[in-house]
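Please have the sequence and the structure open as I go.

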Amino acid sequence: MEQYHDLILALQQAAHEIEVRENECMAQHTTFAIGGPADVFISPKTQEGLRYTIACLRERELPYLMLGNGSNMLVADAGVRSAVVCTTGLDEVHIDGDKVIAEAGALLSRVARCAQHAGLTGAEFAGGIPGSLGGAVFMNAGAYDGQMQAIVQQTEYLDAAGELHLLEGEAHRFDYRSSIFREQPDWIVLRSELKLQAGDPTEILSKMNDFAQRRRTKQPLNFPSAGSTFKRPQGHFAGQMIEECGLKGFAVGAAQVSEKHAGFLINRGGATCDDMLRLIETVQQRVHEKFGVELECEVRIIR
Ligand SMILES: Cc1cc2nc3c(=O)[nH]c(=O)nc-3n(C[C@H](O)[C@H](O)[C@H](O)COP(=O)(O)OP(=O)(O)OC[C@H]3O[C@@H](n4cnc5c(N)ncnc54)[C@H](O)[C@@H]3O)c2cc1C
């Protein structure tokens, strides 16, 4: 922890509002509810605070991990031997005509709700995805035939040197559950501008309610998970293949293939990262044996 003392002092003494905690349990910050302590957990509340945090980390050559809402991460039981910079304190959302401008830490549920209130259609798909704007741009999150690619017009980001840049349209290099931010792990999403269209608020709300109802019916939302654990393999559905392997309900420790939706691996309560990793490996092995298909993890594994 010695190497962090000077950093912690600098962040605490800064004029910006920045929360800093040592040995923060990552299970509290991931929807899997799994993960040991992070050496230092930093939560800036302003853009200036975030930029200052990153400048302090880079100056001291300290490694860090960006965290949004932790809904696509599986963190090791031993925790994270670096700083974790969480964006959820940066959650402003503005409407400007047919555009929504959202900060990195704004939850997609809030972005979708603000758009609905403003009578803007196009973000309904995002309402039930439990991620932040930054995590969703990084992942090109999507559901029900919608994805971030279709609505993200511009993104302001910091590059590896801490310089501010603007990315527009195709330069995001969106692909299935991927974007340029996956290729450039040192880049940090600060905010994005989403281009939507005028629509009827009642119709938008009814579409969002329909998507939410479909999620409640099909997904095990009452257990901690990271959503679909695996990417959809071309020409197949991961959940269907896992089910056809007879793995619904199969468990390693407290990590289990959901009985409700085999594409979701859930934490039944007290699962360790090791349990979950062994379950993931078993599922991958069995699907490969039966179908010759490699299931690729959608969830980011931090170990
Ligand atoms: C119940 C449930 C349902 C889900 N349904 C869906 C779904 O329908 N569709 C879908 O696509 N996903 C779904 N997910 C997965 C997840 O919500 C999305 O992938 C989401 O976009 C992740 O956002 P996050 O803020 O939680 O990212 P995190 O898990 O915090 O981070 C994910 C990655 O993004 C990086 N990152 C985060 N913020 C930034 C930033 N500001 N700058 C640079 N990098 C950053 C992180 O370093 C990490 O590599 C679901 C998850 C759950 C638990």
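Let me start with Arg303, which lies in the segment after β19, residues 300-302; strands here are DSSP runs of E with at least two residues, helices are runs of H or I with at least four residues, and both are numbered from the N terminus. Please keep in mind that this is a predicted model, in which local features need pLDDT of at least 70 and side-chain atom pairs count only at pLDDT 80 or more, while totals for chains, interfaces and linings use all residues. Residues are numbered from 1 along each chain as its sequence is written, and side-chain values use heavy atoms, with hydrogens and water left out.

Is Arg303 buried or exposed? Arg303 has a relative accessible area of 72% and is therefore exposed, where exposed means over 50%, buried under 20%, and partly exposed in between, with a 1.4 Å probe and protein chains only. Leaving aside neighbours within four places in sequence, Arg303 contacts Ala76 and Leu277, contact meaning heavy atoms within 4.5 Å. Val80 is 223 residues away along the chain, yet its C-alpha atom and that of Arg303 are separated by 7.0 Å.

Now to the sheet, which is open and has 5 strands in the order β6-β7-β13-β11-β12, with antiparallel pairing; two strands pair if DSSP finds at least two bridges between them. At the edges stand β6 (93-96) and β12 (164-168), each with a single partner strand, so one side of each has no neighbour in the sheet.
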